[in-house]
Amino acid sequence: MASRPALPAALAALMLAAPLAAPLSAQAPDAFLPMTTPVTLTEGENQTRAGELVFRGGVEIAPDKADIGGVSGLTWHDGALFAVTDDGRWMEFEISEVAGRLVDVAGVRLGPLLDDKGKMLGAKQRGDAEALTRLESGEWLVAFEQEHRIWRYADLEGPATGSETRAATLTAGAEANGGLETLAAFPGGLLACGEWVDAARPNCLRITDSGAAPFHLAAPAGIAEAGGVPTDAECASDGTCYVLFRSYNPSEGNRAGLVALAPDNTAQTLGVLAPPLKLDNFEGLALREEGARRFLYVISDDNFRNCEVKPGAGCQRTLLYKFAIGDDPAPSADAPVAAVPPRPETGRPGKRPFPEAASVNVVLTTELGDITIALETERAPVTAKNFLRYVDEKRFDGTVFYRAMRLDREPAPNGLLQGGTRWEAKRILPGIPHEPTSQTGLTHTHGAVSMAMGAPGTANGDFSIMIEDQTGLNADPSASDPVWKNGYAVFGYVIGGMDVVAKIHATPVDPDKGEGWMKGEMLAKPVTIITVRRAPAP
């Protein structure tokens, strides 16, 4: 089945092979799964390099039911990306990465920025948030245009708690739409830049306890001639700040440039992105530090003229890209994620949400040990009955666990293990009616067993076992796309042998096996399922 433009990125890639299932989960209880599409910087290439910038994946985020868009500032904190928007909102993006590569936005939380009285900011004139940073104290700073100011927040979900006034000289006399676009905290101070480049008028300030020192930050060659201006920044623990420049002109479109700014304000160009690369109006920049490795995320502002909603001339998109800086030692896009040794907690059994409901236990005897699954014959009767037919007709005997999807997120290991008939013609039975989790009440929590499928009604003899919660696979009745509206069908839970599941999941994978986004997820030596039988009655 071909990918669809409005599917989340990971699923859009994985749906290319019908029996494989793997959209990613929104872990936060109030998060929702946005509609995304995988994109590359260069058509058909996953590994584009521009100067010191190495492309590490990207997605296009659809406006969705929450009107996602207008993103103008970005920062990395506590394993997630936080942003502010032109219409006075904050957003939190939970991202999913495989093999060090950005593959999806797995969850979004959002809400209104509030004033000091706890009231919403309302009109764009008051709510035009353009930059966001987090201080060592844990406070957040948000810079606004139109009414030029910087407000403090103890919590982005709470009221403003004060102001930061030391950058006021930079915006004195500035036009309403030409104020602070760049705000970043470094150890002991702040970097603030306005949206202009004029040697006669300093566009940046370094603010420390000793005062605010203005300086001129020029656009790098390659974007300067296109009118590039600073639009966001984020600073590293050693005081190096990374500054994003963007430009636009009708004849060419968008460009973007990234520079590294040393504590003495010496600037080094990391790379310039120009057509024909896939670009848009990049206004947000976040830095992620992992030891000596550094990654930059950039996001574009669609100005609420998203091409999905308002196609035609002048339409824009919300693009989120990841870049590594320099000769990053991370695995290539085609290499597998290294196996994380199972923790004792990984071997805990799954929890049935309705333990009193009728069920039938089956035992999968594998070459690495036994796995016991409670089939939800009462809650998911059609799917459980289908699985039992495969068991009773011995269609699973001699099949294998063949795929380990390993997600780069905590708690680790994390992902799913897939096995079954693998579309072997002599084994598979016709597809079965779909039983969505919204109907059964079951959920893709740790240890859940779910049918793989290409579309609702096509599931047969392939199944996946969840390692940690993957609740993004659940049905979402409010979704417009039929795949997400129906989700995937949970029909059982591993009640014994999750340690065996984890052991199989951690076995070596072959970096050359698999296709597309699944390359590097296939077990080098599939683990044989010797027999599957009904468990003896207690």
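Okay, housekeeping before we look. The model is predicted, so local features need pLDDT of at least 70 and side-chain atom pairs count only at pLDDT 80 or more, while totals for chains, interfaces and linings use all residues. Residues are numbered from 1 along each chain as its sequence is written, and side-chain values use heavy atoms, with hydrogens and water left out.

Let's start with the cysteines. How many disulfides does the structure hold? Three, where a disulfide is a pair of cysteine sulfur atoms within 2.5 Å. If you number the bonded cysteines in sequence order, the pairing goes 1-2, 3-4, 5-6.

Take C193 and C204, which are joined S to S at 2.1 Å. This pair links distant parts of the chain, 11 residues apart: C193 sits in strand β13 (residues 189-194) and C204 in strand β14 (residues 204-208). Strands here are DSSP E runs of at least two residues, helices are H or I runs of at least four, and both are numbered from the N terminus. The link is right-handed, with 110° about the S-S bond. Both C193 and C204 are buried; buried means under 20% relative accessible area, exposed is over 50%, and partly exposed is in between, with a 1.4 Å probe and protein chains only.

Now, the sheet around that link. β13 and β14 belong to an open sheet of four strands, in the order β12-β13-β14-β15, with antiparallel pairing. Two strands pair if DSSP finds at least two bridges between them. At the edges are β12 (180-186) and β15 (211-215), each pairing on one side only. β14 and β15 pair over five bridges, in the antiparallel sense. And what is the bridge partner of C204 in β15? That would be F215.

On to C235 and C241, whose sulfur atoms are 2.0 Å apart. The torsion about their S-S bond is about 95°, so this disulfide is right-handed. C235 and C241 are buried.

Then there's C307 with C315, S to S 2.1 Å. Here the torsion is about 90°, so we have a right-handed disulfide. Is C307 buried or exposed? C307 counts as buried because its relative accessibility is 11%. C315 is at 24%, so that one counts as partly exposed.

Last stop, helix α7, residues 498-505. Six of its eight residues are buried, so to speak of the helix as a whole, it's mostly covered. The buried ones are M498, V500, V501, A502, I504 and H505.
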